[in-house]
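Me: I would like to understand how the labels used for a protein structure follow from their definitions. Could you take me through some of them?

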Amino acid sequence: WCPTVPASDAWHARLARGQGTVWVADNRTGWHGGAHYLRWVRNAASMPEATSALGAVADRVRVMPFLEGIPCSIHGAVFPGGETLAFRPCELMVLRRPGSGELAYAAASTYWLPRASDAEGMREVARRVGAHLRDAHGYRGTFTVDGVMTAEGFLPTELNPRYGAALGQLAAGEPELPLYFLHLALTAGEDLDYRPAELEALVVESSLRQPTGRAHRIVPGPLPAREGGLVFEGGTPRFAAEDEEPTLTVRVGPAASGSIVMLSSKPGAMPLGPPLAPRIAAAFAFLDREWSLGMGRLEAAPDVRD
């Protein structure tokens, strides 16, 4: 953490690994997430904008090396008997705005399958983190470790000791499994027959049997309410015909700060294995063009482990 935003310049020079650094504001103005109050500082030319934007809302900024690769997360849980379990990796769809230091968080997906060794490495991270939370803090409940799958493997960027955004998608194949209420029961110390090993196996199997994904973007200003469906030919989206089952459903409607564009995958409608973010970025670009949404261009992170 840098004590003042201008001091970040020196830390950028020290920490940049070839593609710059990431600056994140403190919580002076309250909690924030979803890549708000975050800037990707690629070089010295991009520092003034980051300094101005973050200096207006923060006394300190966290400076970290920018990590190239697929943003991802691993979820785990700690149980009253001391058991720590780990589910399977999820893709975090953090899109990029070309020519800008802003990143666009768009939600999560369970379609992505990293290498088996990478997946097991992430699960081991969750087990170790859960054991530490248990032993050092008496923690009970679910948690997430977010990071990036880089060319060197998974590198964590943050720990969230709470219910993670992708947990519901991991259990999409078991709609009657109340994962969130199980988390609340764990944190409240309820003495239930949790069966951690069976729960872990059920959630992992469910997420492989019915992978899913969703994405959303907030657009300033009002937009006409719309609904539709998209199908893909190769990696190129088009509107689904009346007799076609869409692979992505689309909804546009009002939001507190403008309008929201929501994309939802029918479970199992996309290929299991590749990241979903490239298709989501292509879908947003198509809708932006066809419906004049004003979102601007978005790009997916590359899979540097290929």
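Reply: Two strands pair if DSSP finds at least two bridges between them, and strands themselves are DSSP runs of E with at least two residues, just as helices are runs of H or I with at least four, numbered from the N terminus. This is a predicted model, in which local features need pLDDT of at least 70, side-chain atom pairs count only at pLDDT 80 or more, and totals for chains, interfaces and linings use all residues. Residues are numbered from 1 along each chain as its sequence is written, and side-chain values use heavy atoms, with hydrogens and water left out.

Me: What makes β11 and β13 a pair?

Reply: Strand β11 (226-233) and strand β13 (248-255) share five bridges in the antiparallel sense, and the definition asks for at least two, so they pair. Glu227 stands opposite Arg251 in β13.

Me: Why do β10 and β12 stand at the edges?

Reply: The open sheet has five strands, in the antiparallel order β10-β14-β13-β11-β12. β10 (214-219) and β12 (236-239) each have a single partner strand, so one side of each is left without a neighbour in the sheet.

Me: Why is Cys72 called buried, but Leu272 partly exposed?

Reply: Buried means under 20% relative accessible area, exposed over 50%, and partly exposed in between (1.4 Å probe, protein chains only). Cys72 has 0% and is therefore buried, whereas Leu272, with 38%, is partly exposed.
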